[in-house]
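This briefing is written for a student who is meeting the structure for the first time. Please keep the sequence and the three-dimensional view at hand while reading.

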Amino acid sequence: MMETKSNDIISIIPKPIKVDVKQGIFTLNNNTVILTVPDLKKQAEYLKNLMAPATGLELDIEDLSKKDGNINTIILNIEENEKVFNPEGYKLEVSQGGIEILGSTPQGVFYGIHTLRQLFPVEIESSSKIDMEWSIPCTSIEDSPRFFWRGFMLDESRHFFGKDIVKKMLDVMASLKFNVFHWHLTDDQGWRIEIKKYPLLTEIGSKRKGTINSRKKLDGIPISGYYTQEEIREIIGYAAERFITIIPEIDVPGHVKAALAAYPELSCKGGSFEVCTHFGILEDVLCIGKEKVFDFIQDVLNEVMEIFPSEIIHIGGDEVPRTRWKECSDCQARINKEGLESEVDLQVYFTNRIANFLTSQGRRLMGWNEILNKNLVKNAICQYWENNLNEVLEHIKNNRNTVISERVALYLNYRYDLIPLNKTYKYDPIPEELDIKFHKNIFGIEACVWTEHITNIKELEWRIFPRLLAVAETGWTPKNKKDFQSFLTRLDSYLQRLALQKINFATKDEFRKYEKTL
Ligand SMILES: [Zn+2]
């Protein structure tokens with residue numbers, strides 16, 4: 001019966017592991033004080049700033065050691081007993097006299113703060129002051145994530161959204177307890193990151209003259225934009241305050257038309273290239289035979305590693321046609337010299353060489369599942385998106401690591417008729433046939449948004465929400481605690497929260513229309 005009562009009152013996404021609702025309420029007021037320890041000063045500030053706009057309260061922050069019988073306190077504290085806590089886990093205790101959030105790390109406490117946020121009425125999301133009573137039910141919550149990789153990927157090559165939109169996404173990711181932002185910064189249709197040694201990458205590669213529309217005509221609407229290294233550092237800092245690691249993707253050796261437009265000598269044949277105005281798989285890729293191509297990639301990655309502290313660097317590796325390599329004397333010479341069997345091996349040679357370079361710099365390579373091969377270096381992380389699940393399962397059974405982004409459930413750019421909400425929700429990243437002893441090799445789950453046909457923020461948000469909430473729950477909540485009907489009930493209040501944050505989303509009528517019995 002307790003469970004039913006909890007479900008009625010408590011509406012949290014992703015669903016916590018253990019919720020126990022008790023008698024009584026806690027009410028935030030003028031006298032409420034945040035008490036904390038030096039290690040949690042930033043999280044205390046974050047909580048204060050979260051509460052201020054809607055409540056109009058400027059909560060005082062004081063040192064926990066000064067606690068002397070205060071009532072109406074919010075205590076944030078570190079409890080370092082790892083037997084009790086997952087590093088991302090927390091305990092949240094709400095009683096009439098006060099609130100306590102405990103974690104073994106600041107990250108755990110941060111997630112406790114976001115759960116607390118959802119205990120408050122939805123109006124807490126308002127950006128202007130609302131006169132109402134800020135009460136929440138007395139509750140005991142214990143919580144920790146199922147996976148340590150809960151990711152979201154945004155493609156800014158095809159369309160560029162810019163700093164403010166990325167920060168808005170990072171804010172909502174944090175509130176849903178995501179911890180990885182995978183940033184797809186380069187592709188055929190645009191190069192979006194400043195590289196000081198190769199200024200033409202952005203001078204030429206960040207601009208295209210238009211996009212081929214559905215009637216196969218160039219629309220003539222120029223698309224451009226890129227991030228300076230300074231702006232990227234600012235965004236990385238913003239993400240870090242929200243415990244989100246940013247993983248940059250520099251897609252090579254395919255999807256490089258924008259780079260070739262700037263530096264055509266990196267191709268097999270040379271010549272003249274334009275930043276691509278249509279979408280698909282292009283035959284012009286980097287030449288694997290020329291040493292200067294490896295110099296180029298290492299120079300680019302050196303600058304990328306200067307900026308991004310992430311251990312993992314994504315190099316794409318998807319959708320690479322071998323047509324040009326077959327006809328290129330340099331590529332054929334490489335095949336002979338390295339004793340490779342075919343052009344397939346040429347990509348493995350390429351990936352391994354980049355992987356070894358990254359390893360020598362204390363980093364680790366990640367790529368889409370096309371990089372898989374029996375000769376691939378062991379520490380490479382595979383991101384599964386489509387087709388070769390059996391090959392991916394072999395990789396996992398060889399104790400190698402994978403992140404799951406199954407296209408038919410987790411590509412949020414698809415319309416709701418192709419991927420209805422319940423399909424995303426019910427998808428589980430652990431394949432049923434996989435023996436439990438290999439489960440640890442799956443780091444977690446990542447939703448992706450490719451933006452070929454997404455030109456503005458309203459459309460972007462409409463595709464992402466509410467399906468990203470379903471991915472958040474799969475990444476965090478144990479499989480046996482998930483339930484679609486319960487999710488839909490909790491979603492009602494979360495959609496109100498999104499509306500108050502001025503985030504667009506598909507309405508219940510829009511996303512339920514396409515649900516089929518799965
Ligand atoms: Zn070549």
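In this predicted model, helix 2 and helix 3 meet through Gln43, Tyr46, Leu47 and Leu50 on the side of helix 2 and Pro106, Val109, Phe110, Ile113 and Arg117 on the side of helix 3. By class, the residues of this contact comprise seven nonpolar, one polar and one charged. The points below continue with this pair and then turn to other parts of the protein.

**Helix 2 and helix 3**

- Helix 2 covers residues 41-55 and helix 3 covers residues 106-119, and their axes come within 10 Å of each other.
- The two axes cross at roughly 15°; because angles under 35 degrees count as roughly parallel, helix 2 and helix 3 are described as roughly parallel to each other.
- The crossing of helix 2 and helix 3 is right-handed.
- An α-helix has 3.6 residues a turn, so residues three or four places apart point the same way.

**Helix 4 and helix 6**

- The axes of helix 4 and helix 6 (residues 229-241) also come within 10 Å, with a crossing angle of roughly 15°.
- Helix 4 and helix 6 are therefore roughly parallel to each other.
- Helix 4 passes helix 6 in a right-handed crossing.
- Helix 4 contributes Lys163, Val166, Lys167 and Leu170 to the contact, while helix 6 contributes Glu231, Ile235, Tyr238 and Ala239.
- The residues of the contact between helix 4 and helix 6 divide into five nonpolar and three charged, with no polar residue.

**Lys177**

- Lys177 is located in the loop that lies between helix 4 (163-175) and strand 9 (180-184).
- Apart from its neighbours within four places in sequence, Lys177 is in contact with Pro14, Tyr111, His114, Pro145, Arg150, Ala472 and Trp476.
- One of these contacts, Trp476, is 299 residues from Lys177 in sequence, yet the C-alpha atoms of the two residues are 7.8 Å apart in space.

**Helix 16**

- Helix 16 (residues 467-476) is mostly covered, with 10 of its 10 residues buried.
- The buried residues of helix 16 include Ala472 and Trp476, both of which are in contact with Lys177.
- Arg467 and Glu473 are also among the buried residues of helix 16.
- The buried residues of helix 16 pack against two strands and several helices: strand 8 (149-155), strand 19 (442-449), helix 13 (407-410), helix 14 (421-426), helix 15 (457-464) and helix 17 (484-500).

**Asp284**

- Asp284 lies in the loop between helix 7 (257-262) and helix 8 (291-307).
- Asp284 is buried, with 22 other C-beta atoms within 10 Å.
- Setting aside neighbours within four places in sequence, Asp284 is in contact with Lys257, Leu260, Ser267, Phe273 and Arg324.
- Asp284 and Ile232 are 52 residues apart along the chain, and their C-alpha atoms are separated by 29 Å.

**The protein as a whole**

- The secondary structure comprises 18 helices and 19 strands.
- The radius of gyration is 24 Å, close to the 24 Å that the globule rule gives for 518 residues, so the protein is as compact as a globular protein of that length.
- The C-alpha trace spans about 80 × 50 × 50 Å along its principal axes.
- Of the 518 residues, 46% count as buried.
- Among contacts with a separation of 6 or more, 72% join residues 24 or more positions apart.

Notes: Residues are numbered from 1 along each chain as its sequence is written. This is a predicted model: local features need pLDDT of at least 70, side-chain atom pairs count only at pLDDT 80 or more; totals for chains, interfaces and linings use all residues. Helices (H or I, at least four residues) and strands (E, at least two) are DSSP runs, numbered from the N terminus. Two residues are in contact if their C-beta atoms, placed from the backbone, lie within 7 Å. Axes are lines fitted to C-alpha atoms, for helices over the stretch in contact, and angles run from 0 to 180 degrees between N-to-C directions. Angles under 35 degrees count as roughly parallel, over 145 as roughly antiparallel, 65 to 115 as roughly perpendicular and the rest as oblique. A crossing is left-handed if the near helix is turned anticlockwise from the far one by less than a right angle, and right-handed if clockwise. Ala, Val, Leu, Ile, Met, Phe, Trp, Tyr, Cys and Pro count as nonpolar, Asp, Glu, Lys and Arg as charged, and the others, Gly among them, as polar. The radius of gyration is taken over C-alpha atoms; the globule rule is 2.2 Å times the number of residues to the power 0.38. A residue is buried if 20 or more other C-beta atoms lie within 10 Å of its own, exposed if 12 or fewer, and partly exposed in between; C-beta atoms are placed from the backbone.
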